Amino acid sequence: MQGTREGLPPVAFRAEPGQVLFRDCEVGQTYQQLVKLRNCTSIGQRLRLIPSSTPFLSFSSLVYTSEAPEPGLIAPGMHVGVTVTFIPNSLHDVDDAMVVETGQGSLQVPLLVRRDPPTLTLPHQILIGPTLVSNKQVMSITCTNDGGPGQFSIIGQGQDPACPDQDKGIRLGAFEVSPADFALDRGEAVQLSIAFSPAVAGDHSESFVVLSDNGTSIAHQLSGQGSEVCVQLHSLEGRQLSEAERWQPIWFGDVALGARQQRVVRLHNSTPLPLPFCWQQTDEPVAKGSQHAQREMTDGRFGAMQFHAEPAVGTLEAGAAADIALSFFPDSQHRFLSWAQLLVDTSVPGSSSIPKYSKRVLEIALEGIGAACSVSVWPPIIRCPTNLELGQVVKQEVTVSNPGQAAAHVTWSCAHPAIALLPHHATVAAGSEQLFQAVITGREIGRIQAELVCSVEHGVDQSIQVMAAVAGPQVEFEDPGLTFGLVQLDTQVSQQITIRNPSHYSSASWTLRELPQHSGSTSSTGLASAEQPSSSCNAVVEVNSNDGAQRAQQGGETKPLNVPAALQEKAEQLLEQLHDQQSSVSATPEAAAEASHQMQSAASGQLTARMQISEAAQQAADLGPALVAVADASVMRLTAENEMDANQRGVSNPLEVAAATGEEEGGGVRVQLQLQPEWGLLAPGASTTIQVKYDLLQM
C-alpha cells in the first residue's frame with residue numbers, strides 16, 4: 001500500500017467547477033449551486049467537508065453515486081455532489097472557501113459573492129457658469145448608471161447621512177441639488193437639477209457626496225460665478241473715448257435734408273454673459289451727465305425720430321465688442337438732440353422665448369443740424385463755337401461738385417427738346433465730383449438758347465445756359481465755272497457740272513433753275529462799265545430743307561466787281577482784233593473758233609468779271625452773223641430755305657456759265673438753258689452730275 005501511494009497525485013479530488021460565484025444577488029433571497037468533487041486517483045478515497053464560518057453560506061450533505069463500492073468510499077474517477085447555499089443579508093461582496101479534507105491533504109474551493117458596483121456618469125467638477133446677481137440659473141445633468149443596480153443618496157460634504165425626501169433637493173449654499181435620493185438599475189439614468197442663485201458677485205463653490213448602497217461614496221464639487229451687468233461705450237470711429245468724452249453728445253455736424261450721416265460706435269460687454277439688447281430713443285435723458293447737454297439746447301428741437309441705431313436689436317456676446325451704427329436723418333433745417341438708451345434682457349438665457357428688456361445699461365446723447373444741400377456746376381455757360389448741321393450731335397462735359405458732408409441727389413431737366421443731359425438722375429457722394437454729359441442735337445434750323453436746370457433734392461437749384469445755332473443744308477459746285485465758248489445760232493451745246501453735299505449728317509433736297517434776265521447799259525465808248533452788270537441770263541440752285549418751309553431765293557444778281565487793269569486791257573485788244581477782221585469777205589468757222597478761244601483766254605481765272613467781259617463783247621455786234629460779237633453769261637447759285645443770317649443760309653459758291661454768239665442782244669437772239677436733272681436729293685457726303693444744255697435761238 002505504501003508503494004502504491006507514492007505514485008498518487010498530490011491532490012486526490014478535483015472540484016467541478018473550480019470556484020463557486022454568486023452574482024447580482026438580492027438581500028433575503030436564496031441562491032444555490034452544485035459542486036462535484038471527483039476522485040482523481042486510482043484507488044478509492046474518502047473526504048470530509050469543513051463547515052463555513054460565514055452564516056449566510058452553508059453546504060448540504062454529500063450525495064454519492066450508485067457505483068460506490070461501499071458507503072463513504074469514492075471509487076477512482078467517480079464523484080460526490082455537494083450543494084452550496086447562499087442567503088445574503090447585505091449587498092456586500094463575500095470572499096470565502098469550501099474546505100475539503102482527504103487522505104492526501106485538504107482542498108479549498110473558492111466561494112465568491114460578487115455584485116457589479118454601480119458607476120454613475122456624474123463629473124467630479126460641475127461648473128454652473130456665470131449668473132447675474134439675483135438671477136437663478138438651473139442646470140440639468142443626465143446621470144447614468146453604467147454599473148450594477150444600486151441606490152444613491154446625496155449629502156453635503158461633512159454632513160451626516162440622512163434620508164432626504166426623494167422629491168425634494170438638498171440646499172448647499174447658493175446651490176440646490178435635486179433629487180437627493182434615487183435608485184438606478186444598470187443602464188438607467190436620472191436628471192439631476194442643479195440651481196444656482198448668487199446673492200453677491202464673485203465665485204461660489206460647494207462640495208457634496210454621493211453615497212451608494214454598496215458602502216461606497218464619491219465626492220463632487222459645484223462651482224459658479226455671480227456677475228453684474230457691465231456695458232461701456234468704448235470708442236467712436238475707431239478712436240477710444242475717455243471717461244469725460246463718454247458723457248458728451250456724439251456730433252453729426254451739418255447734414256443735408258434727406259441725406260444720411262452715420263457715426264459708428266463700439267460697445268464693450270464686460271459681462272461674462274451674452275446680453276440680448278434693444279435701443280430706445282427718448283427726448284429726456286436719465287443719466288446725470290446728459291442733463292447738461294439738455295440745458296444747452298436752446299435754439300433747436302428734440303428729434304428722437306431723426307436718429308436711428310443699427311442693429312436696433314441683437315445680442316452683445318460675453319466679453320466681446322460690437323459695432324453700432326448711429327444715423328442722423330434730418331427732416332428740417334434745425335438743430336436736433338436726442339438720447340439713445342440701451343436696454344438689455346437680464347433674464348436667464350433660454351428661460352423665455354420673448355426677451356424682457358428690463359434693465360437700462362447705457363445712454364448716448366446724439367446731436368446734429370439739418371442743413372440745405374449745396375452743389376456747384378461747371379461750366380455755367382455752354383456755347384457751341386460753330387454752327388451745327390441738321391442731325392449733328394455734340395457733347396459737352398458738365399461737372400457737379402458736392403463739397404458737403406452728405407450725398408446730394410440731383411436731377412437734370414431742360415425744356416428744349418434738342419438738349420439733354422446724361423445721366424438724368426444721379427447721387428453725388430459727399431466731398432466728391434461727378435461728370436455728366438450735355439448732349440445737343442441739331443434737330444431744327446435756327447438758334448438754340450435754353451437753360452439746363454440741375455434740381456437738388458433739399459437744396460438750391462443750379463442752371464447752365466446753353467447757346468447754339470443749327471444751319472440749313474448746303475450744296476456746292478465742284479467747278480468754279482462753266483464756259484461753252486463760241487456758239488453758233490440755232491445750235492445746242494452741252495456740258496456737265498457736278499454738285500455735292502458737304503454735310504456729314506444731313507441730306508439736302510435741291511432744285512436748279514434759271515433766273516430771269518436783267519437789263520444793262522453800255523458806255524458811249526463801246527465798253528461796258530465795270531460798275532454795271534451786263535444783260536445776262538442767270539440760273540439758281542435752291543436747297544430745300546426737310547421742314548418744307550417757304551423757299552427764299554438767293555442769287556440772280558452779282559455784286560458789281562472792279563475789273564483789273566490787265567484784264568480790261570486784254571479785252572480791249574481782243575475787240576480791236578475783231579474790228580480788223582471786218583473787211584474779210586468770208587468768215588470761216590475756223591476764224592470763229594479762234595475768236596472764241598481768244599475770248600475764253602481773256603476770261604480764264606477771272607470769271608467773276610464775267611459781266612464786264614460780256615459788255616465789252618457787245619460792242620463788236622457789227623461783225624456780222626458769222627462772227628461771235630455778243631457774250632451771254634448765266635450764273636447758277638445755291639440758296640437755302642428758312643434763311644436766318646448770312647452764316648446760316650444754305651448758299652453755295654456761285655457757278656458762272658458763259659457763252660458767245662454773233663448777234664447783238666435784243667436783235668433776234670434768244671438764250672435758253674436746259675438742266676437735267678433740275679432737282680434731287682443728296683445724301684450726306686454724296687455728289688451728282690447735272691447735264692447743262694445751252695441753246696442760242698434766232699427769234
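Aspartate 116 comes out as partly exposed, at 22% relative accessibility, where buried means under 20% relative accessible area, exposed over 50%, and partly exposed in between, with a 1.4 Å probe and protein chains only. Before I go on, this is a predicted model, in which local features need pLDDT of at least 70 and side-chain atom pairs count only at pLDDT 80 or more, while totals for chains, interfaces and linings use all residues. Residues are numbered from 1 along each chain as its sequence is written, and side-chain values use heavy atoms, with hydrogens and water left out.

So which side chain does aspartate 116 meet in a salt bridge? That partner is arginine 23, at 2.9 Å from N to O, a salt bridge being a side-chain nitrogen of Lys or Arg within 4 Å of a carboxyl oxygen of Asp or Glu. Arginine 23 is itself partly exposed, with 42% relative accessibility. Arginine 23 lies in strand β2, residues 20-23, and aspartate 116 in the loop between β8 (105-114) and β9 (125-132), so the pair ties together parts that are 93 residues apart in sequence. Helices (H or I, at least four residues) and strands (E, at least two) are DSSP runs, numbered from the N terminus.

Is arginine 263 buried or exposed? With a relative accessible area of 19%, arginine 263 is buried, whereas glutamate 237, at 43%, is partly exposed. Salt bridges that share partners also join Arg14, Glu16 and Arg38 into one network.

Strand β21 takes us to the sheet. Five strands form an open sheet in the order β19-β18-β21-β26-β24, with antiparallel pairing, and two strands are said to pair if DSSP finds at least two bridges between them. The edge strands are β19 and β24 (307-310), each of which pairs on one side only. Within this sheet, β18 and β21 pair in the antiparallel sense over five bridges, and leucine 236 has valine 265 in β21 as its bridge partner. Glutamine 261 also lies in strand β21 and counts as buried, at 16% relative accessibility. Leaving aside neighbours within four places in sequence, glutamine 261 is in contact with Phe252, Val255, Leu326, Ser327, Phe328 and Gln405, contact meaning heavy atoms within 4.5 Å.

Now to the interior. A nonpolar core is a set of buried Ala, Val, Leu, Ile, Met, Phe, Trp, Tyr and Cys residues joined through side-chain atoms within 4.5 Å. Which members of the largest nonpolar core touch the most other members? They are Trp279 and Trp412, out of 58 residues, and the largest share of this core, five residues, comes from strand β36 (residues 446-456). A second, separate core of 25 residues includes Cys25, Val35, Leu49 and Phe86. Not counting residues up to four places away in sequence, tryptophan 279 touches several residues, among them Leu267, Pro311, Ile324 and Leu342.

Last, the cysteines. The count of disulfides comes to zero, a disulfide being a pair of cysteine sulfur atoms within 2.5 Å. Cysteine 454 is in no disulfide, and the nearest cysteine sulfur, that of cysteine 373, is 9.4 Å away. Cysteine 454 is buried, at 0% relative accessibility, whereas cysteine 230 counts as partly exposed, at 31%.
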